[in-house]
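Please read it alongside the sequence and the model.

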Amino acid sequence: MTLRAIILGVLAAVVIAAGGYVNNQVIPIDRMTLISGSHFPLIVFAPLLLVILLLNPLLGLFNRSWSFKPAELAVVIMMAFAGCSIPGSGMMRFFPRVLAIPVIVNHTEPSWKKYDVLGYVPPAMLPAGGRYCEQVDERLLYGYGDGHFISPGDVPWEAWRQPLATWMPMLLLLAIASICLALIVHRQWSAHERLRYPVVDFTSTLLGEASSQSILRSKVFWIGLAIVMGIRAINNLQMWFPNAVTIPMMLDITPLADKFDVLHQVPWSYEVLRPKLIPVALGFSFFLAWDVGLSLPLSLLLCSLASVLCVHAGISPASDRVRGGIFDWSRFGSCVAMVLVLAYTGRRYYWQVLKGAFVPLLSRDHADRYAVWACRILMLCMGGLVILLVRLGLDWTLAIPVVLIVLMLFLVVARLNAEAGLFMVLMNWQPVGVILALLGGAALGPKALIILGLLAVVTTADTRECLMPFMVNGLRLGDQMKVRPSRLGWAAAGAFGLALAVAVPVMLWTDYSFGLMSQGTDGFSGSRVPRWAFNTASQEIGKLSAFDQLTESENLSPVQRLTHMSPNPSFLASAGVGFAAVLVLGLLRLRLPWWPLHPIIFVVMGTLTTVYFAPSFLLGWFIKMAVTRLGGTPAYRTTKLLMIGIIAGDLIAGLLFMLISAGTSASQ
């Protein structure tokens with residue numbers, strides 16, 4: 001770890017976290033590219049490509065020692081990854097909206113006022129204690145209206161002091177816990193199970209090809225890059241010239257749904273009926289295992305068929321983003337089964353880590369020292385999270401399960417990324433919905449429902465940029481570049497802390513300058529998400545009031561909340577189906593090497609992940625199979641360089657498009 005790598009890594013994390021939020025919030029949504037957006041972030045890999053293709057060869061002309069070494073790039077990437085989880089869906093996309101907008105909406109929602117929903121929120125979680133203040137709330141929503149940054153002194157920092165003191169320790173503890181969990185599973189996944197890590201496979205292949213200069217001399221690489229950049233350039237012109245010619249990347253089959261109306265009942269029907277070709281996903285399909293490339297499209301087909309059958313049986317396939325639905329609950333059961341399979345597969349190693357954490361003399365020679373210390377710190381972080389939640393008013397019998405469920409969700413997303421190569425995973429089910437379905441509204445209580453709802457919306461509403469998958473990829477890349485995991489873990493934790501400390505003030509400064517309802521705000525995070533927890537709470541309070549159970553529910557003791565639980569039968573059945581399906585497929589994959597399906601088929605069934613990537617992955621799977629069988633290894637290697645060019649073209653075009661959009665927005 002060189003000094004310049006550490007300095008560049010810290011700068012990258014801070015710029016991505018703070019500048020990324022400004023980019024996502026200020027630039028009009030229809031003329032920008034998200035600075036991250038997935039676990040294959042544009043802001044990391046596009047500059048990496050420019051360093052490999054331009055900067056390193058240029059530095060090498062003057063002095064070869066000036067060029068960046070692969071180990072240095074691995075350190076910079078790991079620290080940059082830590083910043084990628086902050087500005088978007090991993091945290092800041094929802095954080096200010098969920099805390100401030102409900103205070104304003106409360107004036108226009110009769111049911112919220114009728115049941116005093118905001119009265120159940122701990123004042124420490126909301127700005128100004130949850131009291132309406134025009135300077136705090138309205139200014140945050142609409143900004144100061146002049147289209148420029150205001151003076152930092154005009155931001156009402158005092159109103160945000162208490163909620164930041166409440167939320168920041170929880171978010172920091174959750175981030176450190178994610179890093180520790182990544183360190184614990186790292187050796188088992190990378191060395192013992194030898195997972196593919198497709199994101200790292202692409203990165204290391206790129207670094208290896210660049211070091212040998214073969215990628216610079218490859219015609220097929222430059223052909224793939226030129227084709228995709230040309231397509232992106234032509235299609236992006238439409239943003240400025242609406243009548244410009246475009247190259248279609250989408251197939252509209254909505255007329256089919258007009259003949260079969262039941263297709264409109266399929267989850268994400270609008271997107272399903274308009275499949276898109278995503279160049280970066282097409283290129284990335286060459287780095288996936290063949291069973292994953294087949295299972296993801298089949299998951300979309302299976303979900304569509306299951307939805308049609310449910311509609312004919314009178315069962316709604318729709319879901320509520322807090323309460324859940326049959327597909328959400330099935331995915332939760334699938335995740336539980338996957339965690340059990342992972343624990344069973346790595347039982348010997350994890351047992352040694354646990355023994356080393358609690359009884360060091362028993363496993364001193366059998367467990368990695370960094371994993372042992374990560375386990376100890378993980379336990380402390382989990383305990384700290386439970387204590388903070390209890391101090392807010394959440395019973396300990398609910399605080400412990402929700403912390404475990406949130407970390408389980410992050411673990412599954414990381415596994416899907418490391419094993420299956422899914423660089424954008426949206427699980428959709430929420431911990432609060434699982435606990436509500438398991439306990440019932442009366443046993444959970446309105447206060448706990450709102451606290452859990454706010455926690456879920458901020459941390460798990462959209463898992464496409466959560467921290468742990470970034471960490472497992474960074475650790476694997478560090479292994480390949482001979483950088484110790486312990487050093488990378490500390491570097492990532494430090495980079496995250498510094499990036500968060502800078503990003504939060506920049507976030508509030510940006511929001512009070514331009515407003516949450518600026519052109520860069522999407523309707524999903526700006527209007528719908530902030531209402532999730534409160535709409536659900538008002539419905540539950542109404543039910544409890546109608547049956548005279550509200551007072552009893554509010555006065556239940558922590559243990560009584562468990563003894564009064566009333567599970568939803570549909571939840572148990574759906575979760576049970578997902579649980580059993582993943583166990584069966586996992587067993588078949590372990591016992592039958594030729595088995596063609598991956599358990600991912602049930603873990604992501606009914607999510608936007610399958611809709612986004614299934615068409616591209618299916619096409620890539622066909623190309624890969626055809627090239628391998630007809631042309632053999634030489635044809636596969638040549639086509640792989642073409643696919644790297646396609647990915648590079650999409651990334652570089654995206655970066656250029658983002659810079660152009662930022663420039664045009666700044667000039668207006």
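1. A crossing is called left-handed if the near helix is turned anticlockwise from the far one by less than a right angle, and right-handed if clockwise. Helices (H or I, at least four residues) and strands (E, at least two) are DSSP runs, numbered from the N terminus. The crossing of H7 and H21 is right-handed.

2. This is a predicted model, in which local features need pLDDT of at least 70 and side-chain atom pairs count only at pLDDT 80 or more, while totals for chains, interfaces and linings use all residues. Residues are numbered from 1 along each chain as its sequence is written, and side-chain values use heavy atoms, with hydrogens and water left out.

3. Helix H7 spans residues 157–192 and helix H21 residues 446–460; their axes come within 12 Å and cross at roughly 55°. Axes are lines fitted to C-alpha atoms, for helices over the stretch in contact, with angles from 0 to 180 degrees between N-to-C directions. H7 and H21 are therefore oblique to each other (under 35 degrees is roughly parallel, over 145 roughly antiparallel, 65 to 115 roughly perpendicular, the rest oblique).

4. Gln188 lies in helix H7. Its relative accessibility is 4%, so Gln188 counts as buried (under 20% relative accessible area; exposed is over 50%, partly exposed in between; 1.4 Å probe, protein chains only). Beyond neighbours within four places in sequence, Gln188 is in contact (heavy atoms within 4.5 Å) with Glu193, Thr345, Gly346, Tyr349 and Tyr350.
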